[in-house]
Amino acid sequence: MNDMKLWFNRPASNWTQGLPIGNGRLGAMIYGGVEHETWSLTELTYWSGKSEAIPSQSNTREDLDHMREHFFAGDYKRGDELAKQSLQPKKGNFGTNISMCDVQLAFDDYGDELLRELDLQSACTRTVYTSNGHKRTREVWASHPDGIIASRISSEQSGGISFTLRIVGRTDRFTATLIDKDTLVFVGQATENMHSDGDCGVCCHGVLKVIAVGGSVSADAGQIRIDNADDVVIYLAANTDYGRSDDAWMLTSVHQVENAIAKGYEQLKEDHVADYRRLYDRVNLDLGVTSQSILPTDERIQLFLKGQDDDPHLFALFYQYGRYLTIAGSRADSPLPLNLQGIWNDGEANRMQWSCDYHLDINTQMNYFPTEVSNLAECHLPLMRFIEQLAESGKAAAKHFYGCKGWVAHVFSNAWGFASPGWETSWGLNVTGGLWIATHLREHYDFGLDPSFLAETAYPVLKDATLFFLDYMTVHPKYGWLVTGPSNSPENSFYVDDPQRSEYQLSMGSTLDQVLVRDLFVFCLEASEHLQVDVELQQKLKQAIALLPPLMIGRRGQLQEWLEDYEEAQPDHRHFAHLFCLYPGNQVTPEGTPELSTAAEVTLVNRMNREMLEDVEFTLAAFAANFARLHDGENAYKHLTHLIGHLCFDNLLTYSKAGIAGAETNIFVIDGNFGGTAAIAEMLLQSHAGGIHLLPALPAKWQTGKVTGLRAKGNAEVDVTWANGELVEATIRSFSAVRMFLRNRDRKIEISLEPNCTYHIDGSLSMKRI
């Protein structure tokens, strides 16, 4: 039985009720009902803006030192003024990913018994209803192997299909032209004037072809008309000139549609499903079912909103939905990684000061938090390539803004690897934004242990980041510690102890910076020793690591967010980036650093108990993951429940509430889906700090269950079965030789895994090779 479906018995009146499909590049949101259906089409590279140099004065190390003198002296006001002069470039043509067009279908039918569904096991949407006593079926899916979107409309009644089809652009520069009565060709350009000048942007070209069996096909007033057909198939392809230097790309869509027609609908779908399930079927999660499990998805979400959370299957569905969105949005050959909205786009972020871009202060990172543990390592590769691109463009930013070697990037980036500070230092001067996203290189290596990836990609990129921070950082005159700065703690602010009770964002040595730099230096030291390279750099790293500041506990018992124990100006702020040291990092662990773990818990509790806490999708997901790292399954469960019930649209996509960070309406932001997916995995399996921990944060309401195929650091796969809250058995399939610890509750043993071997573990952690 396939119970992994989102399904609804009412029409989708708008985008937020639609169902997403994607092939790693081309995406669509499918919504409508009996009489109407819309495919809101998006493409990963369809960006406004362009690659351009950021005009700014060229700074030297002396400029940086002069700025820092004021911060060290406690003159934050003057230090901030100097930072704004030197480290605050103009916006320019940064751009944003935008929607391409809408395919609109208008049917002659009137019907009832409507069913809409997204089948996660076949990556296919269906709309089924009854009209004139006969069943009608419409299905739409996006093929990764063939690069197209395909749809089939069928009827039990001969001649029962009649509708019109047209394409409407989402920008001013868009035209759709009838080439024949059954073919529409469209061209457009991704232009807008909020994030660029309205003239620059990526161009697109697409083809839509209709093939009808029976009845007639005609064309009129720019739209295709189908009358009394028995069966209709639609093929759609779209491509852009992103990264292209000639016009050959304009033939790509034509060839894709021609090849699809030659292959035929059934073979296309068979190839699509096989390709998709090669990834999806790796992991299965069973948390049990209740009477709520049989309800439509939107009704189940509403019950969570009302506090009726007796529906463990909805958590499993949410988890597998996150894996589906990863596969649909980020494939090994995707030209770019997932952005703020994955590969889908409701248009809301583009019409205001928000941008559908790559935020580097948690959002893009969170998109890929679940990728490795959820056994989708190939889907991580677009981010690896993007980080390499960012590192290359970041060399100019390091030299231009700081007069330093290596590379740096800040709070966000775009399709062309923007690496400069943002155009307002209060949020734009996150000097470790690039370093934070680059931690995914280390994650990808730690899970897969691929020596070629370490030597050819991870180490070279992170080594160049190391060169920047060794050149950029300075010794604090008061403490003797090696610190960053000026920088912020995204995107928070603090009060300084003066009569005006002044609020500032910039300081020296924020905790997030120091945590990320320590992880960077330690990784590069270990990697260079392993690869037997850069002996001189090894010595510099050892000296630098010894000078880094420790994590500190503030007067309120909290883990300090800054080097000084400042008072938070916004204690209910949505960001708590300094807890990277707990999750996804591991400098803080309940077993290894109990006092710091308690301080991290105090930070979380203080933040979540604030009456005015900013209710944000990524914040709730981060709460859940951090509490899971503290082995607090009940609080992790609480925040996941809130995320699903309060911050999901009817289609189970997460959103940021109106009013947050200037949002004018509820805006779809996909990081909550991925962060929640990662948190669920983290509650069931953790692999960090040299070990595998089985069921580390199991909540009481997931008493019995089973998960298969989760991936652990050290190149292993793990299955876990539990009953009545206790481990029953586990299986580890190892693919590399690794020594580590294995834990469950208070039991802990040391294990040695051999390559290509399988091990059985019982409830008492007794292990045998099978």
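**Note on salt bridges, buried residues and enclosed spaces**

1. At 33% relative accessibility, Lys 263 counts as partly exposed. Here buried means under 20% relative accessible area, exposed means over 50%, and partly exposed lies in between, with a 1.4 Å probe and protein chains only. The model is predicted, so local features need pLDDT of at least 70 and side-chain atom pairs count only at pLDDT 80 or more, while totals for chains, interfaces and linings use all residues. Residues are numbered from 1 along each chain as its sequence is written, and side-chain values use heavy atoms, with hydrogens and water left out.

2. Lys 263 forms a salt bridge with Asp 146, and the closest N and O atoms are 3.1 Å apart. Lys 263 lies in helix H3 (residues 252-263) and Asp 146 in the loop between E8 and strand E9 (148-155), so the pair ties together parts that are 117 residues apart in sequence. Asp 146 is buried, with a relative accessible area of 16%. A salt bridge is a side-chain nitrogen of Lys or Arg within 4 Å of a carboxyl oxygen of Asp or Glu. Helices (H or I, at least four residues) and strands (E, at least two) are DSSP runs, numbered from the N terminus.

3. The structure holds 53 salt bridges. One of them joins Lys 5 to Glu 117, with the closest N and O atoms 3.5 Å apart. Lys 5 is in strand E1 (residues 5-8) and Glu 117 in strand E6 (residues 112-119), so this pair ties together parts that are 112 residues apart in sequence. Lys 5 is partly exposed at 24% relative accessible area, whereas Glu 117 is buried at 8%. Both belong to a network of salt bridges that links Lys 5, Glu 117, Asp 119, Arg 126, Glu 139 and Lys 269.

4. The side chains of Glu 568 and Arg 607 also meet in a salt bridge, at 2.4 Å from N to O. This pair links distant parts of the chain, with Glu 568 in strand E24 (residues 567-568) and Arg 607 in helix H14 (residues 594-608), 39 residues apart. Glu 568 counts as buried at 18% relative accessibility, and Arg 607 counts as buried at 2%.

5. Arg 138 is found in strand E8 (residues 134-143). Arg 138 is buried, with a relative accessible area of 2%. Its side chain reaches the backbone oxygen of Val 34 at 3.4 Å. Leaving aside neighbours within four places in sequence, the residues in contact with Arg 138 (heavy atoms within 4.5 Å) include Glu 37, Phe 107, Thr 125, Arg 126 and Arg 152.

6. Val 233 lies in strand E16 (residues 231-240) and counts as buried at 8% relative accessibility. Leaving aside neighbours within four places in sequence, Val 233 is in contact with Ser 151, Arg 152, Lys 209, Val 210, Ile 211 and Tyr 265. The C-alpha atoms of Val 233 and Asp 275 are separated by 21 Å, and these residues are 42 apart along the chain.

7. The largest pocket holds about 1000 Å³ of space. On a 1 Å grid over the protein atoms alone, a cavity is a set of points where a 1.4 Å probe fits but cannot get out, and a pocket is an open set with protein on both sides within 12 Å along at least five of seven lines; lining residues have an atom within 4 Å of a point. Grid points are joined across faces, edges and corners, and a volume is the space filled by probe spheres set on the points. Of the 43 lining residues, Arg 442, Glu 443, Asp 446, Asn 586 and Lys 713 lie nearest the centre of the largest pocket. H10 gives the largest share of this lining, eight residues.

8. A search of the whole structure finds three cavities of 30 Å³ or more. About 140 Å³ of space lies in the largest cavity. This cavity is lined by 16 residues, and Ile 362, Phe 576, Ala 577, Ala 622 and Asn 626 are the closest to its centre. H15 gives the most to the lining of the largest cavity, with four residues.

9. The second largest cavity holds about 50 Å³ of space. Among the residues that line it are Glu 37, Thr 125 and Arg 126. Strand E3 (26-32) and strand E7 (124-131) each supply at least two residues of this lining.

Note on methods. Polar contact = N/O pair within 3.5 Å; in protein donor to acceptor, adjacent residues only side chain to side chain.
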